[in-house]
Structures are given as structure tokens and as C-alpha cells.
Amino acid sequence: MLMKVRIVPVLLFLAMLACGSFPAYAGSPGRLAIVSVSNETEEPEFNNLLIAQGIASLVAQEFYDTGRFVPVEDNPEITKRISDLMTLSVTDRKQVDSTAIRKQLGCEAIAYARVKRFSKSRMRGFAGPFSGSNVNIEMDVEVTLQEGERIALTSMGSSTATTKARGILFEVRNDKIHFDKTSVGLATQDAVRQAIKKMFEKKEDQ
């Protein structure tokens with residue numbers, strides 16, 4: 001069931017930076033905005049704006065951890081524009097004009113993510129067809145980075161999980177997704193991390 005949401009995860013990321021919650025970076029990282037998280041699967045859970053915002057925060061954190069990027073400036077106009085873009089990506093799955101968005105947000109780079117695959121296969125328990133059944137989950141998350149006028153970099157991360165047939169996919173508390181509390185949440189984190197790691201491995205090889 002979709003929940004009433006508030007625009008919080010990306011804003012929390014910006015607040016954490018302002019409060020010094022992240023490690024210092026000695027270089028000159030570029031400003032980055034995560035502007036879209038779209039669902040290309042048949043799993044309706046990923047159409048929840050709150051989950052999309054949570055995935056955006058995962059992507060932002062992984063990019064920040066590379067030491068190459070910091071979030072865009074935290075001001076009401078910019079955060080509202082990012083929120084509008086995120087909502088549009090969930091409801092209409094529309095692509096963004098990279099050059100125009102970078103100018104609007106005052107950043108050097110934008111990134112967006114797509115949940116490309118989310119498959120389920122049931123494993124029956126030994127006590128009968130409906131007793132103790134588990135579900136195997138396989139998922140792919142694609143992340144794209146556009147820096148300036150350079151060719152966009154796209155990379156895919158894949159992960160697996162096992163959950164109960166009637167279990168929840170994500171745990172929501174206080175309008176926040178706690179990815180570390182469910183096996184599917186952990187798989188989502190892992191897929192995002194893999195995608196960005198592979199992206200920079202490919203970049204260094206170019």
C-alpha cells in the first residue's frame with residue numbers, strides 16, 4: 001500500500017553535509033544532483049515516491065563516498081525543483097534535459113537511477129505448498145551519471161535476496177525507508193553500490 005510521503009531523504013543528505021556528518025574531502029569535487037529514480041518493473045512498490053527518494057539518497061551517498069562529488073546547494077528553490085523532478089520521474093517516467101537541469105540547479109553533474117528488473121520466484125517449504133515458503137528476489141538497478149557535456153556513463157548493479165512470501169519489501173518508519181532492516185532493502189543498497197563501483201572502474205579504464 002502506498003503511503004503519504006514527504007520530501008525528506010535527499011534533504012536529509014544535504015543537512016548531514018552541512019552538519020559535518022560526512023568525511024572531509026581535500027580536493028574540489030563537483031556539485032551533483034540526483035534528479036530521477038524510475039521504475040521499469042512490474043513491482044508497484046517502486047512507484048512509491050518515498051521509496052524512490054530513499055533510493056536517490058543511496059545513490060547520492062555512494063557518489064559522495066567516491067570523493068568526487070558533493071550535493072548541490074541547499075536552498076528552497078533548488079530543493080523544490082529536485083522534488084518536482086523526482087515526483088515526475090515516479091509518476092510519468094519522463095527523462096530530463098541534462099543541460100537545462102544542470103543550469104537550473106547550478107551543478108556540474110546530474111545522476112538518475114532506474115530499477116530495471118525485480119523478479120520473484122517462490123521456494124516451497126517441505127511441510128507443504130503454503131508452509132514456510134520463501135521468495136527469491138533478483139534485481140537490477142541502473143545508474144547514469146552526466147557530467148557537463150561529457151558522454152553519459154551508465155552502469156548496472158545486480159543483487160539477490162530471500163524474503164518470506166508474505167513479508168514486507170521495505171521497512172518505513174518516520175517517513176523514511178530503512179534499507180538495512182529488510183533483505184530486499186539490503187539488496188537494493190548492494191545493487192546501487194555495485195552500479196557506481198563498476199561505473200568508476202570503467203571510467204578509470206577509459
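Mentor: Let us begin with contacts in this predicted model. Leaving aside residues up to four places away in sequence, Ala33 touches Val72, Ile82, Leu105, Cys107, Ala109, Ile110 and Ala111.

Trainee: In which strand does Ala33 lie, and is Ala33 buried or exposed?

Mentor: Ala33 belongs to strand S1, which covers residues 30–39. A residue is called buried when its relative accessible area is under 20%. Ala33 has 2% relative accessibility, and therefore counts as buried.

Trainee: Which other residue of strand S1 may I examine?

Mentor: Ser36 also lies in strand S1. With a relative accessible area of 5%, Ser36 is buried. Its contacts, again without residues up to four places away in sequence, are Met86, Ser89, Ala111, Tyr112 and Ala113.

Trainee: How many residues does helix H3 have, and how far does the helix reach?

Mentor: Helix H3 spans residues 76–91, which makes 16 residues. From its first C-alpha to its last, H3 reaches 22 Å, close to the 22 Å expected at 1.5 Å a residue.

Trainee: Which residues of H3 are buried, and why do they line one face of the helix?

Mentor: The buried residues in H3 include Ile78, Ile82, Leu85, Met86 and Ser89. Viewed down the axis of H3, its buried residues fall within an arc of 160°, so they line one face of the helix. On the other side of H3, Pro76, Glu77, Lys80 and Thr91 are exposed.

Trainee: What is found at the start of H3?

Mentor: There, a side-chain oxygen of Asn75 comes to within 3.1 Å of the backbone nitrogen of Glu77.

Terms used:
Residues numbered from 1 in each chain as written. Predicted model: local features only at pLDDT ≥ 70, side-chain atom pairs only at ≥ 80, totals over all residues. Heavy atoms only, no water. Helix = DSSP H or I, 4+ residues; strand = E, 2+ residues; numbered from the N terminus. Buried < 20%, exposed > 50% of the residue type's maximum accessible area, 1.4 Å probe, protein only. Contact = heavy atoms within 4.5 Å. Expected span 1.5 Å × (residues − 1). Arc of directions from axis to C-beta. Polar contact = N/O pair within 3.5 Å; in protein donor to acceptor, adjacent residues only side chain to side chain.
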